[in-house]
Amino acid sequence: MSVPSDQPADAVPLPVRVLLPTGEEVTGRLWGRRQLPEGWVYDVGLPGYSNRETGEVEPVEYRVWLPVPQYVRPVDGVAYDAVPTEHLPAPSVVEQLLGPRRPSGWVLQKLGGRHVLAQGVVHAVDCAEAPKDAPPLALDQALAAAERPGVRLCSLCGASAELDPVLKGFDQGFQD
């Protein structure tokens, strides 16, 4: 088996144990690893065979990114320090100070009622009280919903703090 074209010619994969869907454990070849927000994945080569058009059988390596530790485990005594590793980019100073950005958008929770005008609550899309099946609203849609009688803005998720200044004008509180 040759070195894959996306690897340096001097790349040397290291052995790893791989758990197959059948429950069997085989030895694969670790080509690289990548850190994702949800955890690590390893680029693993699994040995196999393939038929050529001539009918001959040739050894091949099937490559797959597998999550760790569910499907990939170290081999005792093997040092993995030299494996090409992609880490998550360091958070920006803004992200470090303010934390991750919340998803944009709002949703309208319809509360019903006996009146012709429906009652409701406008929430941020990630609010714990927001209905999960409601379609997300853009800013202009959220503002239009908030201006309807019987609709209020959620204070739990900050929809009121975000949308009130837009509805009432930004200069509120700056007047004499």
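His 123 is buried, with a relative accessible area of 3% (buried means under 20%, with a 1.4 Å probe and protein chains only). The residue lies in strand β8 (residues 119-124); strands are DSSP runs of E with at least two residues, helices are runs of H or I with at least four, and both are numbered from the N terminus. The His 123 side chain makes a polar contact with the side chain of Gln 109, at 2.7 Å (a pair of N or O atoms within 3.5 Å, one able to donate a hydrogen and the other to accept it). Beyond four places in sequence, contacts of His 123 (heavy atoms within 4.5 Å) include Trp 106, Glu 129, Cys 154 and Cys 157.

The model is predicted; local features need pLDDT of at least 70, side-chain atom pairs count only at pLDDT 80 or more, and totals for chains, interfaces and linings use all residues. Residues are numbered from 1 along each chain as its sequence is written, and side-chain values use heavy atoms, without hydrogens or water. The protein averages a pLDDT of 86 (the predictor's confidence in each residue, from 0 to 100). Mean confidence is lowest in helix α1 (residues 93-98), at 80, and highest in strand β1 (residues 14-19), at 97.

Helices α2 (residues 139-146) and α3 (residues 159-168) have axes that come within 11 Å and cross at roughly 75 degrees. Axes are lines fitted to C-alpha atoms over the stretch in contact, with angles from 0 to 180 degrees between N-to-C directions. The two helices, α2 and α3, are therefore roughly perpendicular (65 to 115 degrees). Leu 139, Ala 142, Leu 143 and Ala 146 of α2 meet Leu 163, Val 166 and Leu 167 of α3.

Notes:
Angles under 35 degrees count as roughly parallel, over 145 as roughly antiparallel, 65 to 115 as roughly perpendicular and the rest as oblique. Buried means under 20% relative accessible area, exposed over 50%, partly exposed in between (1.4 Å probe, protein chains only).
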